[in-house]
Amino acid sequence: MEALIYQYPWLDELLMGFIALSWKHIVMWGIGALLIYLAVNRDYEPALLLPIGFGAILANIPHSSAVSKIVGEEGFLWVLYQGGIANELFPVLIFIAIGAMCDFTPLISRPSVMLFAAAAQFGIFATAVGATFLGFSFEHAASIGIIGAADGPTTIYVASRFAKEMLGPLSVAAYSYMSLVPVIQPPVIRALTTEAERKMKMSYEDREPVSQTTKFLFPVMITLISGIVAPISVALIGSLMFGNILKESGVVENLSNAAQNELANLVTLLLGITIGGTMSAEKFLTVEVAMIMGLGAVAFVFDTAAGVLFAKFMNLFSSTKINPMIGACGISAFPMSGRVIAKMALKEDPTNFIIQHAIGVNVAGQVASVVAGGLVLALIPALAK
């Protein structure tokens, strides 16, 4: 082939894609195709896994112009990475959209659910410690542990700060496990609870309705309190609460709708395909990535288990018994986790309706995962010194 190219130099440019093609590129095409299959045929997080899968294929075509870093000939995925991921813009915009979609009424009317949400973040820190013992740096270990929060934007935000070179696998792991909530959580819950506990009914007390003024002031107060405790978290919690205040103010309905629809759809599209563009074969097909995928699953299982066990612990002291399953809803996969746990309760006993309690804890998990991400951002630089 070299002799042929030497004789006909124009063949080099014509065949450079074939010449540079390796088995690693083909494996990555398979991984991209698998993500597209899961999105299209299994409906697993299709809005993200579809663009991530296609972005991975674009990034693994030899000499792909989509990811070119040559000055003056930068590929569009590289431009998007520099403009939206490297500077943490896309995750922040996604949080504005999520905030506009959230209704914090269940959390405001029953603040005690934050305890379950806090307990369900245990897996983040346990996995981070475990990853450190496996040889990962503090920064990388924290980025791996945050997968357990089941919060894709927080994972991307933390990874873009501490582990840019692992952004692709971390994002894929986070969104994969988020989509696998119905698969991962039920067996963990069944292993930790008895049939009697899963059939436990919870009462619905008559509570005062939450006023619109309270709903409006809630995002402001949360931003101030979180910002004072961990100023580095302001970008995360502030963007989430800004989206929510757009909704609760009642005077900018168009902006709120735009955040929930146009902004959410556009940034999700750009975020997904840009993340896929970071999944080059040389970065993805490594032992470290296999370890990240495994540790991400461990973090997710630990978070679920910690929430359930904490609810069982609360039952030792509380006169009003709690169905331990709702402790598992303290992750950020909203409202999927709440719905899965409510369905489990109905399956055990068709007259057991715990959906409102489960959703309340799930909403709190959304806030807790962002706060946990802020704590990681604040603690890791200090611990790494």
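Biologist: Which helix is Ala299 found in?
Modeller: Ala299 is found in helix H19. Keep in mind that this is a predicted model.

Biologist: And is Ala299 buried or exposed?
Modeller: Buried: the relative accessible area of Ala299 comes out at 0%, and the cut-off for buried is under 20%.

Biologist: What is Ala299 in contact with, leaving aside neighbours within four places in sequence?
Modeller: Gly123, Thr127, Gly145 and Gly148.

Biologist: OK, on to Thr304. Where's that one?
Modeller: Thr304 sits in helix H19, which covers residues 287–315. Thr304 is buried, with a relative accessible area of 0%.

Biologist: Which residues does Thr304 contact, again leaving aside neighbours within four places in sequence?
Modeller: Thr304 is in contact with Gln185, Val188, Ile189 and Ala328.

Biologist: Changing topic: how many residues are in the largest nonpolar core?
Modeller: That core has 97 residues, and Phe104 and Ile341 have the most contacts inside it.

Biologist: Which helix gives the most to this core?
Modeller: Helix H21, residues 355–384, with 12 residues.

Biologist: Back to Ile341. What does it touch, not counting residues up to four places away in sequence?
Modeller: Ile341 touches Gln185, Ile189, Met325, Ile326, Ala328, Cys329, Ile354 and Ala358.

Key
Residues numbered from 1 in each chain as written. Predicted model: local features only at pLDDT ≥ 70, side-chain atom pairs only at ≥ 80, totals over all residues. Heavy atoms only, no water. Helix = DSSP H or I, 4+ residues; strand = E, 2+ residues; numbered from the N terminus. Buried < 20%, exposed > 50% of the residue type's maximum accessible area, 1.4 Å probe, protein only. Contact = heavy atoms within 4.5 Å. Core = buried A, V, L, I, M, F, W, Y, C linked by side-chain atoms within 4.5 Å.
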